[in-house]
Amino acid sequence: VTGKPVKVKITYCAECGYEPQALDLTKALMYEFGTQIAAIEIIPWESGTFDVSVDGELVHSMRRDGGFPQQATVKSAVRSRIGSAPAV
Amino acid sequence: MTLDRARWDKGITYDAFKGAMTRNQERFAQNESRVTLDPETVRQFRSLPEGVRILVLAEDWCGDVVANLPVLGRLAQEVPTLDVRVFLRDQNLDLMERWLNQGKYQSIPVFVFFDRDFRELGHWIERPASVTERRAQERRKIFAAHPEFGSPDAPVDQLPEDVRTRLQAELQKMRDDMVPFANAEVQRELRDLVSRVAV
């Protein structure tokens, strides 16, 4: 647990049209964590990618885990990194 | 679900699809302008009996649609007897379910050939396997030539931004360079399909 704002990176396959999923996740994280997140970097990529990392730790990979991440999974990873309780 | 005339008429023409695109329109037009038709492909398509219909499942956000549908579009321009209708995948999932890639993936584009009585003659999905294979080979070469790019299987967000940007440029160049090969392979597969189904 760092207590510091965390950096999230979302790498999505632009060729596959994964923009809606990337944007939905971005929006969910912005609303949930506000300034507890230092930055959200959205990286257009290829090859069926949908990866999410929190402070450099890969918390979801479409290739590794299959499918898109559950928002709850990513939120949980961010929360455990910053050490905050879930927003009520 | 059967395909009949009423359903067929709900599809839009190739030109209408192009006109309705909300993204990738310029890229699509550029790809269309880069298609060089093989005379043998045109000859085989011209030998098809009149009334052959080609159902296309597509979406304008899909890279394979933007790359490969222009090849069919150019063929249809050369062979005006072909009746091509485009159905948006996400609004026609019942159609999509009929032509899943490997029985499970909703890959597009899908080209389904029918005779005038809506009997299926054959279909083609997504992209040639040879293109996928060549792309993977070229990708491996790029990573082998640039150790700074790391492993091809590693998440790219771990790379420093300047390195990632260079990798992105290399991959884009590789894809651009491969367009003539890919277009030729799409035509080869469509030619094979047509030669098998010619009535």
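Predicted model: local features only at pLDDT ≥ 70, side-chain atom pairs only at ≥ 80, totals over all residues.

User: How do you know how confident the predictor is in chain A?

Analyst: On the pLDDT scale, which runs from 0 to 100, chain A has a mean of 91. Of its residues, 91% reach 70 or more. Among the elements of chain A, helix α1 (residues 19-33) has the highest mean, 97, and helix α2 (residues 62-65) has the lowest, 92.

User: What makes chain B and chain A partners in contact, and how many residues take part?

Analyst: Contact requires heavy atoms within 4.5 Å. By that criterion, 18 residues of chain B are in contact with 18 residues of chain A.

User: What area is buried between chain B and chain A, and which residues of chain B lose the most?

Analyst: The size of an interface is often given as the accessible area lost when the parts come together. Here the area buried between chain B and chain A is about 1,500 Å², with carbon and sulfur atoms giving 39% of that area. On the side of chain B, the greatest losses to chain A fall on B:Asp157, B:Arg164 and B:Arg175, which together give 33% of what that side buries.

User: Why is the pair A:Glu15 and B:Arg175 called a salt bridge?

Analyst: The N to O distance between the side chains of A:Glu15 and B:Arg175 is 2.7 Å, so the pair qualifies. The count between chain B and chain A is six salt bridges. For polar contact, the rule finds eleven residue pairs across this interface.

User: Which helix gives the most to the side of chain B that touches chain A, and what classes of residue does that side have?

Analyst: Helix α8 (residues 161-177) of chain B gives the most, with six residues. By class, that side of chain B has eight charged, seven nonpolar and three polar residues.

User: Is B:Arg191 buried or exposed, and what is it in contact with?

Analyst: B:Arg191, in helix α9 (residues 179-197) of chain B, has a relative accessibility of 16%. Buried means under 20%, so B:Arg191 counts as buried. Leaving aside neighbours within four places in sequence, B:Arg191 is in contact with B:Asp38, B:Glu40, B:Thr41 and B:Gln44.

User: Why is B:Arg74 called buried?

Analyst: B:Arg74 belongs to helix α5 (residues 63-78) of chain B. Its relative accessibility is 18%, which is under the 20% cut-off, and therefore B:Arg74 counts as buried. Beyond neighbours within four places in sequence, B:Arg74 is in contact with B:Glu32, B:Val35 and B:Leu37.

Technical notes:
Residues numbered from 1 in each chain as written. Chains lettered and ligands numbered in written order. Heavy atoms only, no water. Helix = DSSP H or I, 4+ residues; strand = E, 2+ residues; numbered from the N terminus. Buried area = accessible area lost by both parts, 1.4 Å probe. Salt bridge = Lys/Arg side-chain N within 4 Å of Asp/Glu carboxyl O. Polar contact = N/O pair within 3.5 Å; in protein donor to acceptor, adjacent residues only side chain to side chain. Nonpolar A, V, L, I, M, F, W, Y, C, P; charged D, E, K, R; others polar. Buried < 20%, exposed > 50% of the residue type's maximum accessible area, 1.4 Å probe, protein only.
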